[in-house]
Amino acid sequence: MWQSGLERRFLELNDLASQLIEDVAEGPEDLRIAQQDVQGSGLLLDFGVETEGGLEAGCVLASICMSGLADIEVKYGQLGDLGWPHVVVQTDSPVAACLFSQYAGWQINVGKYFAMGSGPMRAVVAKEPLFDKLWYREEAEQVVGVLEASKLPGPEVFEYIADETGVEATDVVLCVAPTSSMAGNLQVVARSVETAMHKLYELGFDVNRIRSAIGSAPLPPVAKNDLEGIGRTNDAILYGGRVTLWVKGDDESIAEIVTRVPASSSAAYGQPFLEIFEAAGRDFYKIDPLLFSPAEIILQNVDTGKVHIAGQINVDVLRKSFGIA
């Protein structure tokens, strides 16, 4: 299991995720999802493309995405003066769960099929710079991935992932859900901690100093299409996400960086994400990457006891995004 620090270790994230897959495959109908057959390929679990899914399916999907290294729940919280469901994520392995597994860092583009890929299969490919910078990669007999997509992948997608990860196509497991589904909607909003971790990584902070984490974000209404779903789920984190990280080390570096973490530190902040997305020509890469972070961040120094806080919730944008009159 995960040991932090600079020593390279095999975390066996795909093995951890495979254990969750075994439980799901025993009774997918209990989650209102389905196992689909793909000729000559591995296991395909449909969490919302042609199935209904639900809250429990969303929590399971998010857990698979984090290789089982986090507890994920839906709890009631506040959205202004309204009682509102929130997705709460807690982990004692934030680097492994969020950066090595959950982060959607692999664009799956095969023919006409496109999906954002996350999950522990990324740690086997390990082409993203963060794997070299954080000294981690792994080998696996079976790889597990989560695809955010509105269509189910065919055998050519399994073959592509198999080639990239060095396994047989029959040893590829894919879990798929569109953003405009109950499970897909929830698994995206379960990325509150991940966005904080990745923002700190991008800012050059030593993420191995982060020992534990908890985050929450309001669960949006399921959107009528994926475009609106992308807007609502991003808004949930950018304007409603709250994250607390327990950090070791000196207070000076924490105080210097904390104000640069919240979404409000970006010049792109202030409008619903769908409006920002449209203004960028629906090109994520034309949006300031520093926007993608939670609304509020709290860094607690476990060595000194000092607390550093930045950012705040923006209820007005959330109500507009969620269609709350």
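This is a predicted model: local features need pLDDT of at least 70, side-chain atom pairs count only at pLDDT 80 or more; totals for chains, interfaces and linings use all residues.
Reader: How much space is in the largest pocket?
Author: About 1600 Å³. It is lined by 46 residues, and those closest to its centre are Ala-104, Met-116, Phe-284, Tyr-285 and Phe-292.

Reader: Which elements give two or more residues to that lining?
Author: Strands S5 (106-110) and S6 (113-118) do, along with helices H5 (129-133), H8 (192-202) and H9 (226-238). H9 gives the most, with seven residues.

Reader: And what's the lining like by class?
Author: It has 25 nonpolar, twelve charged and nine polar residues.

Reader: Switching topic, how many disulfides are there?
Author: The count is zero. For Cys-59, the nearest cysteine sulfur belongs to Cys-65, 13 Å away. Cys-98 is in no disulfide either, and its nearest cysteine sulfur, again that of Cys-65, is 9.7 Å away.

Reader: Is Cys-59 buried or exposed?
Author: Cys-59 counts as buried because its relative accessibility is 14%, and the cut-off for buried is under 20%.

Reader: What about Cys-98, buried or exposed?
Author: Cys-98 is buried, with a relative accessible area of 0%.

Reader: OK, now Asn-185. Where does it lie?
Author: Asn-185 is in helix H7, which covers residues 182-189. At 2% relative accessibility, Asn-185 counts as buried.

Reader: Which residues does Asn-185 touch, leaving out those up to four places away in sequence?
Author: Asn-185 touches Pro-178, Thr-179, Leu-219, Pro-220, Pro-221, Val-222 and Thr-233.

Reader: And how far is Asn-185 from Val-125?
Author: Their C-alpha atoms are separated by 26 Å, and the two are 60 residues apart along the chain.

How values were computed: Residues are numbered from 1 along each chain as its sequence is written. Side-chain values use heavy atoms; hydrogens and water are left out. Helices (H or I, at least four residues) and strands (E, at least two) are DSSP runs, numbered from the N terminus. Buried means under 20% relative accessible area, exposed over 50%, partly exposed in between (1.4 Å probe, protein chains only). Contact means heavy atoms within 4.5 Å. A disulfide is a pair of cysteine sulfur atoms within 2.5 Å. On a 1 Å grid over the protein atoms alone, a cavity is a set of points where a 1.4 Å probe fits but cannot get out, and a pocket is an open set with protein on both sides within 12 Å along at least five of seven lines; lining residues have an atom within 4 Å of a point. Grid points are joined across faces, edges and corners, and a volume is the space filled by probe spheres set on the points. Ala, Val, Leu, Ile, Met, Phe, Trp, Tyr, Cys and Pro count as nonpolar, Asp, Glu, Lys and Arg as charged, and the others, Gly among them, as polar.
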